[in-house]
Amino acid sequence: MDNKSSTMAWQAVPPLRHANDNEHGCDRMSRGNVLDPTALRADDIPLPGPDAGPLAGKTVGFRLDEIWRAWDWIADIWADEFRKAGATVTFWRSNQGRTGVEGERLARELEQFLASIDIAVVGLANCGSCTGWTIRDALAAADRGLPTTAVCTAVFEELGRNLAQRGGRSGLRLHVLPYPLNEKQKHEVDAVALEHLPGVLRTMGAELAARQEAVA
Amino acid sequence: MSTTIRPGAGAARAQQAPDLRDCGPQGCALDWLSSQRHEAEVDDVMEFTRFALERGWGDGLPLIPPTEARVRAFLAGNNRHADEAICALPPLNAPCTVEKIAINAVMAGAPAESMPLIIAALEAMAHPDFELFGLNATTAPVVPLTLVNGPVRNRLDIPCRHGCLGGAPTTAVAIGRAIRLIMKNVAGQEINVTSQSTFGTPGRVAGILFGEWEERSPWAPLAERRGVGGDAVTVFGTMGTMNILDTSSQSGTDLLEMIGKWLGYPGANGFSPSMPYAQMMLAVNPVWAQIIHRDVPDLADVQEMLWRFSSLDADYLTPKHREQLENLGRVSGGRVYLATAPQDIFVVCCGGTGGLHATGFHSFGSCLTQTRAILPGPHAGGQQA
């Protein structure tokens, strides 16, 4: 067979200047109607969802990622603070094998994880596809009615917000950590974790009530 | 402004009078098209291209204005209802309708006969296991490659010989471009908005759309090996093209060793510490394909050799990289393998008869390759690709 085809039906699409254009909205100055090529998603939830509230007595679940050690270190420090406030903390680690048999296994694990917690802290949006999956998992948590906060680094904030909007939840809570982060030494990352503790609590709508009462 | 018939009403009407669903350039008594209309220059391509770019519709190349007449003519060449939702493409996940496909295909300059191929490719990309969600957002330059098998390759002038991955003058470029415009305008993949691709790739403009040179291949067509005979597309999330030159090898085994060793480099996504598995595609020119087949007749053996030679000594990686791969169970006998198993290396035959080169397509990792038959629409009477 020859790779070169002979008669492509370009003719099926009218030429740029078509005899019937005037009958279909074109005036003599060649202006007319074109059809919008974009698709729209109409639904959106602009609200952030429920506050986490006082952490005492609640189970906070951190979604970790195989690839980001800095997020592990930050989650450890925040988890310690949450425990001091009377919360129970659990962790679930994702990787990017979210397809096929491995993907089905991770989907089941995620489902079990979300069913076992009261508050979700989902990270880390620190690369393109990581942001995609962070937001997707955060949306899954939010759709279950869990107080949910996604965590991203600064470079990926806009992507995170855009993906949340396109996922139907423009109001998703998003806490932003500095970038670069994973390239820093542990003591530098630990400092970031402590510096951002008040901020992430605000984003979560959470209160360290138990610790405050103890101090009082 | 034309009267709009809501989706659903059109389908119901068409069931009663299917001959009215495609009315051609002259239009119908009823308007089957539901897209918003914009007033624009429709004869001046450059002016329309500027108009489209301002609205975020374009890719920088000239666009054909998708007038109602042109879109209707494109639809008339097929047997699909305009309001038929083919799939949902992430991240937007809005319905990807036949109408939106036609509008973008007209803008790209794709022939009407390419609609079934475009639909099959989009359906394949929309499969959850293809992981378009991550692919469209990632910092990686990954783009879906579309490989065409079957007689449709000739009917649509899909290149499979010299310059098949770029440079062959063919309408296949416009077909690939149509798919890319759909990814932008319907799926919502926008650079630095929903896509963080650090560098991108030329393949994100007009796609990577090529055919297998089945007549010269010693192996069964890839789609057939994957269970789909005849006209079919296979989509593969590729990081781009990697050329492999070999002017020394004389035997099939030497060629496979050389190719395999070049495929295995530590920075390939197949060795990413976040990817628990990966696939690989290799395009072999017809000259080498014959030599390889002569010396290694069983394709499974070919795949096994490529798999083995493309593996790396785990100690070649940095300690943290190795540790992360070990956590994913990817280190076996001190080695890390580029693809999960030998059968995850897909070997196809295409390219020119000058030989000397192979092309490696490294995968993104989590995008599992999908194959779909290219089928006419569900309604009788239309043209087929």
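Author: A disulfide here is a pair of cysteine sulfur atoms within 2.5 Å. This is a predicted model, where local features need pLDDT of at least 70, side-chain atom pairs count only at pLDDT 80 or more, and totals for chains, interfaces and linings use all residues. Residues are numbered from 1 along each chain as its sequence is written, chains are lettered from A and ligands numbered from 1 in the order in which they are written, and side-chain values use heavy atoms, with hydrogens and water left out.

Reader: How many disulfides does a search of the whole structure find, over all chains?
Author: The search covers the whole structure and all chains. A:C127 is joined to A:C130, with S to S at 2.1 Å. The count over all chains is 1.

Reader: Which hand does the disulfide of A:C127 and A:C130 have?
Author: Both cysteines, A:C127 and A:C130, are buried (under 20% relative accessible area; exposed is over 50%, partly exposed in between; 1.4 Å probe, protein chains only). The torsion about their S-S bond is about 85°, so the disulfide is right-handed.

Reader: How far from B:C96 is the nearest cysteine sulfur?
Author: B:C96 is buried, at a relative accessible area of 0%. B:C96 is in no disulfide. The nearest cysteine sulfur belongs to B:C87, and the distance is 4.5 Å.

Reader: What are the helices and strands of chain A, in number?
Author: Helices (H or I, at least four residues) and strands (E, at least two) are DSSP runs, numbered from the N terminus. The order of elements in chain A is β-β-β-α-β-α-β-α-β-α-β-α-β-α. The totals are 6 helices and 8 strands.

Reader: What share of the contacts in chain A, at a separation of 6 or more, comes from residues 24 or more positions apart?
Author: Contact means heavy atoms within 4.5 Å. Chain A has 216 residues, and 56% of them count as buried. Among contacts with a separation of 6 or more, residues 24 or more positions apart account for 75%.

Reader: How far apart are the end C-alpha atoms of α1 in chain A?
Author: Helix α1 of chain A has 16 residues, 69–84. Its buried residues include A:W71, A:I74, A:W78 and A:F82. The expected span is 1.5 Å times one less than the number of residues.

Reader: What is the phi of A:G86, which follows α1(A)?
Author: A:G86 comes after α1(A). Its phi is positive, near 95°.

Reader: Which strand holds A:L124, and what is omega for the peptide bond from A:G123 to A:L124?
Author: A:L124 is in strand β5 of chain A, residues 119–125. The bond from A:G123 is cis, with omega near 5°.

Reader: What is omega for the peptide bond joining B:P90 and B:P91?
Author: B:P91 sits in the loop between β2 (85–88) and β3 (95–97) of chain B. The bond between B:P90 and B:P91 is cis, and omega is about 15°.

Reader: Where is B:N192, and what is its phi?
Author: B:N192 is in the loop between α8 (172–185) and α9 (203–206) of chain B. B:N192 is partly exposed, at a relative accessible area of 48%. It is not a glycine, yet phi is positive, near 60°.

Reader: Is B:L181 buried or exposed, and what is it in contact with?
Author: B:L181 lies in helix α8 of chain B. At 1% relative accessibility, B:L181 counts as buried. Leaving aside neighbours within four places in sequence, its contacts are B:W57, B:G58, B:D59, B:L63, B:N104, B:M107, B:A108 and B:V186.
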